[in-house]
Amino acid sequence: MAEKEGAKVGAEEMEEREQEGEAEEVEVKFRLFDGSDIGPVRCNAATTTVAALKDRVVADWPKDKQIIPKTASDVKLISGGKILENDKNVAQCRAPFGDLPSSAITMHVVVQPSSAKSKPDKKANKLPKTTRCSCTIL
């Protein structure tokens with residue numbers, strides 16, 4: 001019960017800070033599919049949007065990876081088990097953890113290139129097209 005109250009106090013405190021216009025700086029690091037990280041990156045929680053973070057991920061993407069996103073729309077950010085929406089800011093995406101010390105927020109990065117979505121399956125195209133009827137007329 002005390003944990004729920006602590007989380008509630010943390011959420012209320014965060015809302016008050018946003019209303020007061022207090023610029024809360026947070027560190028965000030991005031965990032890639034192979035376990036490596038990009039960052040941490042310092043940003044203002046109230047003004048930095050998820051779309052801006054995606055742009056940053058694409059710009060800072062390591063060149064030695066096999067999978068490389070071409071645009072920010074190829075990237076999905078996941079935090080707290082939720083896919084983050086582009087129009088939300090970091091403060092809206094953070095889960096309140098009560099009295100835990102503030103450390104870097106870890107967001108998981110999933111790359112889903114748009115070109116992979118539009119390509120048809122090549123195996124389906126390799127089958128020969130036939131117009132023969134297999135029925136027997138007696």
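## Salt bridges in the model

A salt bridge is counted here when a side-chain nitrogen of Lys or Arg lies within 4 Å of a carboxyl oxygen of Asp or Glu, and by this rule the count comes to five salt bridges. Side chains of opposite charge can pair when their charged atoms come close.

The model is predicted, so local features need pLDDT of at least 70 and side-chain atom pairs count only at pLDDT 80 or more, while totals for chains, interfaces and linings use all residues. Residues are numbered from 1 along each chain as its sequence is written, and side-chain values use heavy atoms, with hydrogens and water left out.

## The sheet and its helix

Helices (H or I, at least four residues) and strands (E, at least two) are DSSP runs, numbered from the N terminus, and two strands are said to pair if DSSP finds at least two bridges between them. Five strands form an open sheet of mixed pairing, in the order β2-β1-β5-β3-β4. Because β2 (37–44) and β4 (82–83) stand at the edges with a single partner strand each, one side of each is left without a neighbour in the sheet.

Within this sheet, β3 (residues 75–79) and β5 (residues 105–111) pair in the antiparallel sense over four bridges, and Ile78 has His108 in β5 as its bridge partner. Helix α2 (residues 50–60) lies across β1 (25–31), β2, β3 and β5, and runs at about 115° to β3; axes are lines fitted to C-alpha atoms, for helices over the stretch in contact (heavy atoms within 4.5 Å), and angles run from 0 to 180 degrees between N-to-C directions.

Asp34 forms a salt bridge with Lys65, with the closest N and O atoms 2.5 Å apart. Asp34 lies in the loop between β1 and β2 and Lys65 in the loop between α2 and β3, so the pair ties together parts that are 31 residues apart in sequence. Asp34 is partly exposed at 42% relative accessibility, whereas Lys65 is buried at 15% (buried means under 20% relative accessible area, exposed over 50%, and partly exposed in between, with a 1.4 Å probe and protein chains only).

In helix α2, Asp60 and Arg56 lie four residues apart, about one turn of the helix, and they form a salt bridge whose closest N and O atoms are 2.7 Å apart. Asp60 is partly exposed at 33%, and Arg56 is partly exposed at 39%.

Elsewhere, salt bridges that share partners join Lys29, Arg31 and Asp37 into one network. Between Arg31 and Asp37 the closest N and O atoms are 2.4 Å apart; Arg31 is partly exposed, with a relative accessible area of 27%, and Asp37 is partly exposed at 34%.
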